[in-house]
Amino acid sequence: MSQGLKQIHHIEFVVGNAKQASYFYRQGFGFDQVAYRGPETGCPDRVSYLLKQNDIGLILTTPLRHDDPLSTWLMLHGDGVRDIAFEVEDIEGVYDQAVSNGARSFCAPKTVSDGQGAIKMAAIHTYGETLHTFVQRDGYDGFLPGFEAAEIKGRSTGLQFVDHVVGNLPDRQMEKWVAWYDRTLGLSKFVSYDDKDISTEYTALRSTVVASKDRKIKFPLNEPAAGKKKSQIQEYIDANLTAGVQHLAFNTDNILETIKALRENGVDFLPVPEGYYDDVWERVGVVQEDKSKVKDLRILVDRDDAGYLLQLFTRPLQDRPTFFIEIIQRSGSDSFGKGNFKALFETIEQEQTLRGNL
Ligand code: FE2
């Protein structure tokens with residue numbers, strides 16, 4: 001068994017216009033732009049912007065040529081997450097364990113260097129057309145070779161790290177991928193929710209969370225379940241044409257300040273149903289935060305045996321009903337807001353209806 005995955009190193013998006021996407025994530029979510037890679041830095045066919053906020057690293061990449069495979073990727077899926085990259089200490093060990101247990105290789109370990117030094121990189125395919133890149137830094141000073149500093153400061157909204165990354169899978173694929181993550185990357189089953197936990201009168205889904213032993217890496221994996229109407233997971237699969245990343249959850253330690261800032265920046269959140277706050281405190285009990293502020297900012301709350309959490313979800317961030325972002329603050333709780341599933345999904349059903357997809 002290799003040393004395994006240390007943490008998420010970065011998340012790479014493929015987008016139609018990385019220059020504008022960089023502006024969106026800076027102005028909306030408060031990321032700093034820190035580096036750039038493109039024709040001017042010796043990468044003639046693609047441009048990438050690196051954005052950072054505390055421990056979150058996002059790369060926004062746009063292909064410049066029509067015959068780049070990323071142009072096909074974009075045509076099929078629209079803007080979205082293509083790569084969830086991990087930092088590792090033993091890249092050969094991690095890569096060999098994955099591939100010998102059935103992961104499809106995208107790129108065997110290789111050394112990549114520039115004036116600042118060298119790193120090792122490798123990558124495997126996961127669900128849909130999504131990749132996991134491995135990065136072994138070996139004391140490399142910069143972010144990744146080829147990037148040059150291109151700083152534009154954003155106004156931080158207090159986002160700290162990637163709390164979890166959710167994948168949407170086609171029907172009956174969940175168990176297969178849960179086993180795959182265990183075998184290839186040593187992420188084991190942490191908790192699962194069946195369609196009784198996650199359903200409304202009309203729609204349903206199933207979800208299993210795989211996690212690293214230290215729980216730094218948490219990947220919920222969803223699949224649609226049969227209901228009277230179309231599951232939101234099926235709507236995603238129809239729009240994305242295959243499995244893919246449904247949402248990233250960014251952790252904050254002050255969700256009141258974070259949501260206030262994001263709302264001021266114009267970030268578009270899912271509405272919270274009327275009446276949600278009528279009985280929520282009965283269910284959740286004591287919290288540290290000012291309850292009237294939680295309600296004014298329309299933040300969701302949930303409690304489990306270990307503690308409570310506060311969370312809120314954006315609407316899809318592009319025109320296809322695919323990728324969105326969750327903001328989460330945890331106070332002891334290590335779960336995912338099961339008590340909010342019903343309220344949340346009724347809201348999503350209303351939006352599905354407006355899109356003609358229910
Ligand atoms: Fe989530």
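Colleague: In which helix is Asp-278 found?

Modeller: The model is a predicted one. In it, Asp-278 belongs to the helix that covers residues 276-284. That helix is α7.

Colleague: Is Asp-278 buried or exposed?

Modeller: A residue counts as exposed when its relative accessible area is over 50%. Asp-278 has a relative accessibility of 66%, so Asp-278 is exposed.

Colleague: Which residues form the negative surface patch?

Modeller: Asp-278 is one of the members of this patch. The complete set is Glu-274, Asp-278, Asp-279 and Glu-282.

Colleague: Which protein residues are the donors of the iron ion?

Modeller: The donors lie 2.0 to 2.2 Å from the iron ion, and in sequence they follow the spacing H-x82-H-x78-E. The two histidines donate through NE2 and the glutamate through OE. The residues are His-164, His-247 and Glu-326.

Colleague: How many residues apart are His-164 and Glu-326?

Modeller: His-164 is in strand β10 (residues 159-168), while Glu-326 is in strand β17 (residues 324-331). Both His-164 and Glu-326 are buried. This pair links distant parts of the chain, with a separation of 162 residues.

Colleague: How many salt bridges does the structure hold?

Modeller: The criterion is a side-chain nitrogen of Lys or Arg within 4 Å of a carboxyl oxygen of Asp or Glu. For the structure, the number of salt bridges is 21.

Colleague: How many residues apart in sequence are the parts tied together by Lys-153 and Asp-32?

Modeller: Lys-153 and Asp-32 form a salt bridge, with closest N and O atoms 3.2 Å apart. Lys-153 lies in the loop between β9 (148-152) and β10, and Asp-32 lies in strand β2 (residues 32-37), so the parts tied together are separated in sequence by 121 residues.

Colleague: Is Asp-32 buried or exposed?

Modeller: The cut-off for a buried residue is under 20% relative accessible area. Asp-32 has a relative accessible area of 17%, so Asp-32 is buried.

Colleague: Which residues are linked in a network of salt bridges?

Modeller: Glu-223 and Arg-206 meet in a salt bridge at 2.7 Å, N to O. Glu-223 counts as buried at 4% relative accessibility, and Arg-206 likewise counts as buried at 12%. The network links Asp-171, Arg-172, Arg-206 and Glu-223.

Conventions
Residues numbered from 1 in each chain as written. Predicted model: local features only at pLDDT ≥ 70, side-chain atom pairs only at ≥ 80, totals over all residues. Heavy atoms only, no water. Patch = residues over 30% accessible without salt bridge, like charges linked within 9 Å, V, L, I, M, F, W, Y side chains within 5 Å. Areas by Shrake-Rupley, 256 points an atom, 1.4 Å probe, with all protein chains shown as cover. Lys, Arg positive; Asp, Glu negative; His and termini not counted. Charge placed at Lys NZ, Arg CZ, Asp CG, Glu CD. Helix = DSSP H or I, 4+ residues; strand = E, 2+ residues; numbered from the N terminus. Buried < 20%, exposed > 50% of the residue type's maximum accessible area, 1.4 Å probe, protein only. Donors = N, O, S within 2.8 Å, 3.2 Å for Na, K, Ca; no water.
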